[in-house]
Amino acid sequence: MTVHQLPGSVDLLPGAANSAVILHVPHSSRVIPPAVRADILLDERALADELDHITDAHTERIAAIAAGLAPVRPWQFVNLLSRLVVDPERFPDEREEMLAVGMGAVYTRTTHREALRVADFDPEPLLGEYFRPYARAMADAVADRIAATGRAIIIDVHSYPTEPLPYELHGDGVRPPICLGADDFHTPSRLTARAAEIFAEFGGVGINSPFAGTYVPLDRYGTDARVTALMLEIRRDTYMSEPGGPPGAGLERLAAALAALIDELS
């Protein structure tokens, strides 16, 4: 896969030719193009507050440090735009349960369930300009790793707030320092178990709580066992000041643990 094939909203940082691992970082950016900003109802102060709550701050840095530490460098697929533009990890249709709170692939409500866009906002232009090109690029990156190595391993790098936000549909679940999101088809139990061992030092690991599942391109979801995936959800108090502050000492430790997992997968 060559860089010129990528949409401008994505950065694909090459790894080793023999690495099957892709670190997927979808929610780390705060960037909103002016044309998209024009349709957001929040004033500047409210938008900054929303970005503090919704952005997985510093996760791109965790991935980058881990990639540098890993003996076999993984590939990094990084979203350069905020999830308030589009959320590339949502289903783009009625399959998405977050539509119930106005947070499908294109959000119309905020983390506090307030209006973000007009209720009858047409998502199609944003899906066409941003969501589908992103999905195609990720699908191409996965296909490239399969062609090169016979498999693709996606590690989905996220963070989540210490206290539940009003938009969360499953906010009453346990909120361990590390949550591992697993899929019945794409996440082998041995991968989940080994990741839990590696991240145990952070004070506790949960499976699929408060967030469940992991990202796999839709063209291979549930059908291609060559694609393995695991979601890493890091509780933000383990590495940063909330809701949108600077990173702390925990960031380097988390990156080292992620590098250890990558090493085993390689």
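In the predicted model, isoleucine 22 has tryptophan 75 of strand 3 as its bridge partner. The pairing of strand 2 (residues 21-25) with strand 3 (residues 75-79) is parallel and runs over four bridges. In general, the strands of a sheet are paired through backbone hydrogen bonds, in either a parallel or an antiparallel manner. The open sheet is formed by seven strands in the order 1-3-2-4-7-5-6, with mixed pairing. Because strand 1 (10-13) and strand 6 each have a single partner strand, they stand at the edges, and one side of each is left without a neighbour in the sheet. On average, and with direction ignored, neighbouring strands of this sheet are turned by 20 degrees against each other.

Helix 5 packs on this sheet, where it touches strand 5, strand 6 and strand 7, and its direction makes about 30 degrees with that of strand 7. The buried residues of helix 5 are Leu191, Thr192, Ala195, Ile198 and Phe199; they lie on the same side of the helix, because the arc they cover around the axis is only 125 degrees. The cover over these buried residues includes strand 5 (178-181), strand 6 (205-207), strand 7 (227-235) and helix 6, whereas the face turned away from the buried side carries the exposed residues Ser189, Arg190 and Glu197.

Helix 5 (residues 189-199) also packs with helix 6 (residues 250-265) at an angle of about 145 degrees, the axes being 10 Å apart, and the crossing is right-handed. Among the residues that make this contact are Leu191 and Arg194 of helix 5 and Leu254 and Glu264 of helix 6. By class, the contact comprises 10 nonpolar and two charged residues, with no polar ones.

How values were computed
Residues numbered from 1 in each chain as written. Predicted model: local features only at pLDDT ≥ 70, side-chain atom pairs only at ≥ 80, totals over all residues. Heavy atoms only, no water. Axes fitted to C-alpha atoms, helices over the stretch in contact; angles between N-to-C directions. Helix = DSSP H or I, 4+ residues; strand = E, 2+ residues; numbered from the N terminus. Left-handed = near helix turned anticlockwise from the far one by under 90°. Contact = heavy atoms within 4.5 Å. Nonpolar A, V, L, I, M, F, W, Y, C, P; charged D, E, K, R; others polar. Buried < 20%, exposed > 50% of the residue type's maximum accessible area, 1.4 Å probe, protein only. Arc of directions from axis to C-beta. Pairing = 2+ DSSP bridges.
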